[in-house]
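Let's take a walk through this structure together, one spot at a time. Keep the 3D view open while you read.

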Amino acid sequence: MRKIFLGLSLLLVIFLGLGGINIFAGIDEDSELIPAPQRKIVVFREGASIPERNAVLKQLGTKIKGMRHHNLVNATSVVIPENIEEVEAEILRNPNVKAIEPDIVFTALPLRNPHSERFIRPSGTKPTPQPSQVIPWGISRINAPQAWGTSTGTGVNVAILDTGIQLNHPDLQVNIKGGINTINPRKTPNDDNGHGTHVAGIVAAVNNSIGVVGVAPEANLYAVKVLNAAGSGYLSDIIEGLEWCISRGMDVANMSFGASSDSPIFHEAITNAYNAGIVLVAAAGNDGGSTLYPAAYNEVIAVAASDENNQIPSWSNRGKIDFTAPGVSIYSTYKGSKYKTLSGTSMASPHVAGVCALLLQIKPTYSPRDVYATLSKPGNTVDLGYTQSIQGYGLVDAYKVITNP
Ligand code: CA
């Protein structure tokens with residue numbers, strides 16, 4: 001709605017594919033990842049043009065495959081099939097090249113823990129039509145229904161960077177306005193895992209007579225598929241997803257995934273998306289350790305998980321935490337037109353993304369900095385009694401945010 005279209009659509013990734021082969025040509029199964037050590041991101045000096053980048057890489061001939069230019073960050077991802085160290089050294093000798101970074105793998109953040117299984121309702125093999133709509137406990141806890149008299153997220157664009165979304169899910173379909181599959185551009189961003197559909201439902205499941213309802217039930221959902229069927233994705237695919245978000249005028253981007261390694265090129269991509277006006281929200285992580293990336297970056301809102309008793313489980317990561325939201329036993333939409341109960345900071349993050357959408361409907365000119373300032377205003381969160389490094393500013397409250405923007 002409010003977003004300035006930066007014209008980046010013209011700069012979208014160009015597939016060059018040395019020798020007519022691009023990186024996707026050999027991948028039939030989306031779950032099959034090329035071994036990470038072969039995948040690199042070549043970072044060029046500032047101002048290096050596309051022809052200059054091509055000149056650097058083309059002279060390597062068949063030593064590299066599958067170039068993808070990432071204009072958002074002045075970098076090009078490549079695959080080095082063999083003699084990795086030698087080829088890297090050769091690339092680095094070129095004065096136009098600043099650095100080479102690994103194309104690291106990020107993973108979705110539902111709780112992978114046998115104890116979470118008991119929260120999963122038996123769903124059988126057939127779709128389970130809901131006799132009537134229920135309001136999941138997390139939606140009530142953050143007082144979203146009280147906010148709907150004022151805002152439902154209408155006109156606000158929320159990108160779900162995830163495993164995709166089931167595009168024809170009966171409780172999501174009318175809110176899904178578009179998307180992209182950066183893993184396999186020949187395919188739609190339909191969800192082949194289930195995680196992204198669950199996350200999307202927490203943000204914006206439709207307020208109708210079936211299933212569940214999301215925090216911002218009239219927000220526009222965009223499926224940005226950057227994670228494969230196994231819930232994993234490369235940094236290069238995520239950077240491409242962020243480029244798409246900027247070019248398509250996204251207002252909010254939810255990232256329920258993480259990795260423990262910091263990456264300068266990822267931080268640059270995140271900073272550029274932030275500066276383009278996108279409110280970035282991410283899951284803190286579920287291993288009880290330090291906040292994962294991208295949540296750990298200052299430009300990203302890091303979200304911890306709480307349960308029905310307002311307790312923060314020991315597995316919710318800590319360190320750089322901004323807010324807490326419901327993330328235990330969360331019932332939401334799932335692939336196969338189903339519904340499922342899942343736990344994890346993956347489920348907490350979209351509660352906050354939904355609150356951001358509610359706020360942006362009534363304050364469409366707010367920058368990411370303004371949104372953060374409103375969410376963290378005294379009185380706009382609930383203190384759960386933990387330290388800042390565990391709960392951040394506390395539990396988000398949609399109604400308080402809307403009434404005190
Ligand atoms: Ca519904």
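Let's begin with Gln133, which has a relative accessibility of 21% and so counts as partly exposed. Keep in mind that this is a predicted model. Val206 comes out at 12%, which means that it counts as buried, since the cut-off for buried is under 20%.

What do these two residues have to do with each other? Gln133 and Val206 link distant parts of the chain, as they are 73 residues apart. You'll find Gln133 in the loop between β5 (105-108) and α3 (137-141), while Val206 is in the loop between α5 (195-204) and β8 (220-225).

## A covered strand

Now move over to strand β3, residues 75-79, where five of the five residues are buried. In a regular strand, side chains alternate between the two faces of the sheet. Here both faces are covered: Ala75, Ser77 and Val79 are buried on one side, and Thr76 and Val78 are buried on the other.

Which strands pair with β3? One is β1 (residues 39-44), antiparallel to β3 over five bridges, with Arg39 standing opposite Val79. Another is β2 (residues 65-70), also antiparallel, joined to β3 by four bridges, and there His69 stands opposite Thr76. β2 and β3 make a hairpin with four residues between them, and Asn74 in that turn has a positive phi of about 55 degrees.

Arg39 has something else to show you: it lies over the face of Tyr234, 3.5 Å from the ring centre.

How many aromatic pairs does a search of the whole structure find? The count is nine. Take Tyr372 and Tyr393: their ring centres are 6.2 Å apart and their planes sit at 80 degrees, so this pair is edge-to-face. Tyr372 belongs to helix α9 (residues 368-375) and Tyr393 to the loop between α10 (388-391) and β18 (395-396), so the pair ties together parts that are 21 residues apart in sequence. Tyr372, at 25% relative accessibility, counts as partly exposed, and so does Tyr393, at 33%.

Elsewhere, ring pairs link Phe106, Phe257, Phe266, Tyr293 and Tyr297 into a cluster.

Conventions
Residues numbered from 1 in each chain as written. Predicted model: local features only at pLDDT ≥ 70, side-chain atom pairs only at ≥ 80, totals over all residues. Heavy atoms only, no water. Phe/Tyr/Trp six-rings, centres within 6.5 Å; stacked < 30°, edge-to-face > 60°. Helix = DSSP H or I, 4+ residues; strand = E, 2+ residues; numbered from the N terminus. Buried < 20%, exposed > 50% of the residue type's maximum accessible area, 1.4 Å probe, protein only. Lys NZ or Arg CZ within 6 Å of the ring centre and 35° of its normal. Pairing = 2+ DSSP bridges.
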